[in-house]
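Please open the model in a viewer and keep the sequence at hand.

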Amino acid sequence: MINYNVLPDYKTRNEIISDLCERYPFIKHTYAGKSVCGRSIDVLHIGNTENRILYCGGFHGSEYLTILALLKFLDDCVKSMQDECAVGEYRVADFLKKRGLTIVPCVNPDGVEIALHGSDAALKYKPLVDKVSDNTNKWQANARGVDINHNFNAGWCELKQRELSRNIKCPSPTRFGGNCPESEPETKALTKLCRNTDFERAVALHSQGREIYCSFGENTPVLSFKLASIFSQASGYNIGFPEAIATGGGFKDWFIERFKKPALTIEMGLGENPLPLSDFESEYEILKDIFCLGVVF
């Protein structure tokens, strides 16, 4: 049995993924690309290869509990497929025969390493990290100081103006969206994966707030709102609307605008990032229902 009460740094994450793939060889393990520092961005797929949904996390360095949640859900799913049992009250395995699940557990591996291990993890970008931050355990951005979830090409110009109005003009621990959309290899890796795979919906996992965001502009499909309502009823999470500086530039925004398909952001947990590891098990039990419903509905 894999221990998920661990900090999911790059080494530990690779060990968990290797263990899962060894025990369940039907997991398809590929890579979306590499980070600024050359760390691999894992892609894990189970179930049907035609009709796929996408779950992804680890966009922000200090939100690493999202990585654990996605890996543990993958573990629960593959056990259910092998043993023909339910995940909680849902027979997810039955639905995975018709709908595949693709998981990108960590979009921003460098940011997570910096949050967990300090500026040395930024390798050649260590001087930049040291210059802009004296508290790397709250680091959100990638190794170049670009907030990946401000770097997608959806309302990016408007978001840039909001950043400038708040004097966010250069690499920073958080909220600097870069000098142009998709300037970062991590962003490009995820958008390329989505362009090359016909995902029917996407869920981006963040922390914290126990909220669900489901809309972006006039292209938001009705199903986005319906899924948000279903997830909210199952979990007690509120359906919310992000503050202005958090609107635009995000993966959920880009997916809706680019494909006109449902995409949601789920904010797990309560408190201040980084959430304590001691919160993980109880928060996962809430999230598990959301993840299951995303597959079965």
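**A guided tour**

Begin by selecting Lys260, which lies just after helix α9 and takes a positive phi of about 55°. The model under view is a predicted one.

Next, select helix α9 itself, residues 251–259. Which of its residues are buried? They are Phe251, Lys252, Asp253, Trp254, Phe255 and Ile256.

Now show the side chains of Phe59, Phe152, Phe251, Trp254, Phe255 and Phe259, which ring pairs link into a cluster. In the structure as a whole there are 12 aromatic pairs. One of them may be examined by selecting Tyr55 and Phe291, whose rings form a tilted pair, at 5.4 Å centre to centre and with 35° between the planes. This pair links distant parts of the chain, since Tyr55 belongs to strand β3 and Phe291 to helix α10 (residues 280–296), 236 residues apart. Tyr55 and Phe291 are both buried.

In what order do its eight strands lie? The order is β1-β2-β4-β3-β5-β8-β6-β7, in an open sheet with mixed pairing. Select β1 (28–34) and β7 (238–239) to see the edges: each has a single partner strand, so one side of each is left without a neighbour in the sheet.

Then select strand β3 (residues 52–56) and strand β4 (residues 100–104), which pair in the parallel sense over five bridges. Within this pairing, Leu54 has Thr102 of β4 as its bridge partner.

Finally, select helix α1 (residues 10–23) alongside α2. The two helices pack at an angle of about 10°, with their axes 11 Å apart. Helices α1 and α2 are therefore roughly parallel to each other. On the α1 side, the contact is made by Arg13, Ile16, Ile17, Leu20 and Arg23; on the α2 side, Ile67, Leu71, Leu74, Asp75 and Gln82 take part. Coloured by type, the residues of this contact divide into six nonpolar, one polar and three charged.

Definitions and conventions:
Residues are numbered from 1 along each chain as its sequence is written. This is a predicted model: local features need pLDDT of at least 70, side-chain atom pairs count only at pLDDT 80 or more; totals for chains, interfaces and linings use all residues. Side-chain values use heavy atoms; hydrogens and water are left out. Two strands pair if DSSP finds at least two bridges between them. Helices (H or I, at least four residues) and strands (E, at least two) are DSSP runs, numbered from the N terminus. Axes are lines fitted to C-alpha atoms, for helices over the stretch in contact, and angles run from 0 to 180 degrees between N-to-C directions. Angles under 35 degrees count as roughly parallel, over 145 as roughly antiparallel, 65 to 115 as roughly perpendicular and the rest as oblique. Contact means heavy atoms within 4.5 Å. Ala, Val, Leu, Ile, Met, Phe, Trp, Tyr, Cys and Pro count as nonpolar, Asp, Glu, Lys and Arg as charged, and the others, Gly among them, as polar. Buried means under 20% relative accessible area, exposed over 50%, partly exposed in between (1.4 Å probe, protein chains only). Rings of Phe, Tyr and Trp (its six-membered ring) pair if their centres lie within 6.5 Å; planes under 30 degrees apart count as stacked, over 60 as edge-to-face and the rest as tilted.
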